[in-house]
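Reader: I'd like to learn how to read a protein model feature by feature. Could you walk me through one with me asking the questions?

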Amino acid sequence: MMATAGFNDTINGQGVMSRQRGMTVIGLLMAAITIGFVALMVMQVVPMYLNDQKVAAIFKALENERGTERQLRGTIERYLDINMVNHVTAQDFKFEQTGRGTRVSLDYEARARIAGNLAIVATFSHQVDVPR
């Protein structure tokens with residue numbers, strides 16, 4: 001007849017309870033809170049960077065454009081509208097005349113609210129020289 005190991009029995013010289021491993025309820029709760037916080041941060045930060053990629057695409061397209069400041073501003077407005085860019089308007093773009101053409105630049109901040117008065121702030125900067 002086969003005997004089963006009781007609570008105080010030993011197997012290979014070790015107590016049965018000393019072999020149990022696992023996460024406690026407090027450990028599980030702390031892991032869930034940490035994973036939740038990281039997920040919240042990712043869900044807030046990723047859209048800001050995706051939005052900035054749209055802005056970077058506008059600057060890439062401006063490299064092939066020509067025209068006056070007014071024409072360039074119109075082009076920028078169209079790109080902003082088509083790409084549905086948030087946090088930026090055509091009035092935020094700065095234009096500076098240089099010897100070779102027009103320098104278009106944009107410096108802006110994007111904010112994402114986390115909870116209450118806690119927010120993430122990301123700063124972005126872009127610049128392109130548009131030839132005449």
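Reader: Let me start with a single side chain: is Arg-111 buried or exposed?

Author: Happy to begin there, with one reminder that this is a predicted model. Residues count as exposed when their relative accessible area is over 50%. Arg-111 has a relative accessible area of 53%, so Arg-111 is exposed. As for its place in the fold, Arg-111 is found in strand β4.

Reader: Which residues does Arg-111 touch, not counting residues up to four places away in sequence?

Author: With those sequence neighbours set aside, Arg-111 touches Met-48, His-87, Ile-120 and Val-121. Take Val-121 from that list: Arg-111 and Val-121 are ten residues apart in sequence, yet their C-alpha atoms are 4.6 Å apart in space.

Reader: Which strand is joined to β4 by 14 bridges, and how do the two run?

Author: The partner is β5, and the two strands run antiparallel.

Reader: How many residues lie between β4 and β5 in their hairpin?

Author: Two residues lie between them, and Gly-116 in that turn has a positive phi of about 60 degrees. The other hairpin is formed by β3 and β4, with three residues between them.

Reader: How many bridges join β3 to β4?

Author: Four bridges join β3 to β4, and these strands run antiparallel. Glu-96 stands opposite Arg-103 in β4, while Gln-97 has Thr-102 in β4 as its bridge partner.

Reader: In what order do the three strands of the open sheet come?

Author: The order is β3-β4-β5, with antiparallel pairing. The edge strands are β3 (94–97) and β5, each of which pairs on one side only. Direction ignored, neighbouring strands of this sheet are turned by 15 degrees against each other on average.

Reader: Now the helices. What should I look for when two of them pack?

Author: Two packed helices are described by the angle between their axes and the distance between the axes. Here, helix α1 (residues 25–62) and helix α2 (residues 69–83) pack at an angle of about 145 degrees, with their axes 10 Å apart. The crossing of α1 past α2 is right-handed.

Reader: Which residues of α1 and α2 make that contact?

Author: From α1 come Lys-54, Ile-58, Ala-61 and Leu-62, and from α2 come Leu-72, Thr-75, Ile-76, Tyr-79, Leu-80 and Asn-83. Sorted by class, this contact has seven nonpolar, two polar and one charged residues.

Reader: Which strands does each helix lie across?

Author: α1 lies across β4 and β5, running at about 10 degrees to β5. α2 lies across β3, β4 and β5, and runs at about 150 degrees to β3.

Reader: Which residues touch the most other members of the largest nonpolar core?

Author: That core has 24 residues, and those touching the most other members are Leu-62, Ile-76, Leu-80, Val-88, Phe-93 and Val-104. The elements that give two or more residues to this core are α1, α2, β4 (101–115) and β5 (118–131). β4 gives the most, with six residues.

Reader: If I zoom in on Phe-93, what is in contact with it beyond four places in sequence?

Author: Phe-93 is then in contact with Phe-59, Arg-73, Ile-76, Leu-80, Val-88, Val-104, Ser-105 and Leu-106. Ile-76, Leu-80, Val-88 and Val-104 are also among the residues listed for the core.

Reader: Where do Met-84 and His-87 lie, and how accessible is each?

Author: Met-84 lies in the loop between α2 and β3, and His-87 is found in the loop between α2 and β3 as well. Met-84 counts as exposed because its relative accessibility is 63%. His-87 counts as partly exposed, because its relative accessibility is 45%. His-87 also takes us back to where we began, as one of the residues that Arg-111 touches.

Technical notes. Residues are numbered from 1 along each chain as its sequence is written. This is a predicted model: local features need pLDDT of at least 70, side-chain atom pairs count only at pLDDT 80 or more; totals for chains, interfaces and linings use all residues. Side-chain values use heavy atoms; hydrogens and water are left out. Axes are lines fitted to C-alpha atoms, for helices over the stretch in contact, and angles run from 0 to 180 degrees between N-to-C directions. A crossing is left-handed if the near helix is turned anticlockwise from the far one by less than a right angle, and right-handed if clockwise. Contact means heavy atoms within 4.5 Å. Ala, Val, Leu, Ile, Met, Phe, Trp, Tyr, Cys and Pro count as nonpolar, Asp, Glu, Lys and Arg as charged, and the others, Gly among them, as polar. A nonpolar core is a set of buried Ala, Val, Leu, Ile, Met, Phe, Trp, Tyr and Cys residues joined through side-chain atoms within 4.5 Å. Buried means under 20% relative accessible area, exposed over 50%, partly exposed in between (1.4 Å probe, protein chains only). Two strands pair if DSSP finds at least two bridges between them.
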